[in-house]
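Please read it beside the sequence and the model.

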Amino acid sequence: MSNTPMAASPLTRAVLEIDEYASGLGWDQPARLFALVDTARLRSQEPALAAQLGLADEPDTTALTPVEQDEIPAGKALDEFLATIAWPDAVAGCALTVERLMLPPSAEAQVPEGLDEAGLAKWVARHPDRQEVRMTVAVLRDGARDSALRLREKDAPTEVLTGSDLVPGLAEALAATFEE
């Protein structure tokens with residue numbers, strides 16, 4: 001993708017590429033799961049697939065290619081779905097992009113006591129300080145992590161926040177998909 005910074009690590013470039021792809025689809029999208037494969041290995045072991053993905057003429061660099069997986073089943077909790085995943089050895093990592101509502105830390109003291117998960121979700125959805133965010137989180141088998149956050153109200157490539165520990169719980173869940 002054209003807007004990913006060249007100075008970034010391969011994992012950061014992959015995260016930003018997925019964020020850019022998801023941005024092009026618009027908001028209110030389902031969660032999307034991606035396998036991350038070593039681009040050079042993909043070109044050598046699967047040249048037809050590499051050509052189909054437009055990677056045949058890419059320069060030989062240490063890059064990761066995101067490959068979107070089948071749709072995540074509707075109605076299944078994300079953590080339950082992730083617990084069912086096992087990756088083949090050819091997959092170097094994985095990434096997930098998901099949209100959520102978030103509140104600023106200052107709203108934590110306002111949360112009514114005794115709400116179940118559904119009640120909390122409704123309360124957050126009605127809160128005046130809620131923000132819609134798209135999170136793209138990626139992990140590699142070796143433990144490396146990166147993520148990108150994009151707020152709906154600041155939906156521009158220059159407003160995407162990146163960092164390795166922005167969504168630690170989701171990164172942990174993705175890392176668990178590589179555990180034996």
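## The second largest pocket

With 5 residues, H5 gives the most to the lining of the second largest pocket. Helices (H or I, at least four residues) and strands (E, at least two) are DSSP runs, numbered from the N terminus. A pocket is an open set of points on a 1 Å grid over the protein atoms alone, with protein on both sides within 12 Å along at least five of seven lines, whereas a cavity is a set of points where a 1.4 Å probe fits but cannot get out; lining residues have an atom within 4 Å of a point. This is a predicted model, in which local features need pLDDT of at least 70 and side-chain atom pairs count only at pLDDT 80 or more, while totals for chains, interfaces and linings use all residues. Residues are numbered from 1 along each chain as its sequence is written, and side-chain values use heavy atoms, with hydrogens and water left out.

The lining of this second largest pocket consists of Arg100, Leu101, Glu117, Leu120, Ala121, Val124 and Ala125, and the elements that give two or more residues to it are E3 and helix H5 (117-126). Its volume is about 260 Å³, where a volume is the space filled by probe spheres set on the points, and grid points are joined across faces, edges and corners. By class, the lining has 5 nonpolar, no polar and 2 charged residues; here Ala, Val, Leu, Ile, Met, Phe, Trp, Tyr, Cys and Pro count as nonpolar, Asp, Glu, Lys and Arg as charged, and the others, Gly among them, as polar.

Helix H1 (10-25) and E3 each supply at least two residues of its lining, with E3 giving the most, 3 residues. The lining divides into 5 nonpolar, 3 polar and 3 charged residues, and includes Ala22, Pro30, Arg32, Thr97 and Arg134.

Thr97 lies in strand E3 (residues 91-102). Why does Thr97 count as buried? Its relative accessible area is 4%, and buried means under 20%, exposed over 50% and partly exposed in between (1.4 Å probe, protein chains only). Leaving out residues up to four places away in sequence, Thr97 touches, among others, Ile18, Ala22, Phe34 and Thr136, contact meaning heavy atoms within 4.5 Å. The side chains of Thr97 and Thr136 are also joined by a polar contact of 3.2 Å, that is, a pair of N or O atoms within 3.5 Å, of which, within protein, one must be able to donate a hydrogen and the other to accept it, residues adjacent in sequence counting only if both atoms are side-chain atoms.

## The nonpolar cores

A nonpolar core is a set of buried Ala, Val, Leu, Ile, Met, Phe, Trp, Tyr and Cys residues joined through side-chain atoms within 4.5 Å. The largest has 27 residues, and Leu33, Leu82, Trp87, Leu96, Leu170 and Leu174 have the most contacts inside it. Strand E1 (32-38), helix H4 (78-82), E3, strand E4 (131-140) and helix H6 (168-175) each supply at least two residues of this core. A second, separate core of 13 residues includes Leu16, Leu64, Ala138 and Leu140.

## Glu132 on strand E4

Glu132 is found in strand E4 and counts as partly exposed because its relative accessibility is 30%. The side chains of Glu132 and Arg152 are joined by a polar contact of 2.7 Å, and the C-alpha atoms of these two residues, 20 residues apart along the chain, are separated by 5.4 Å.
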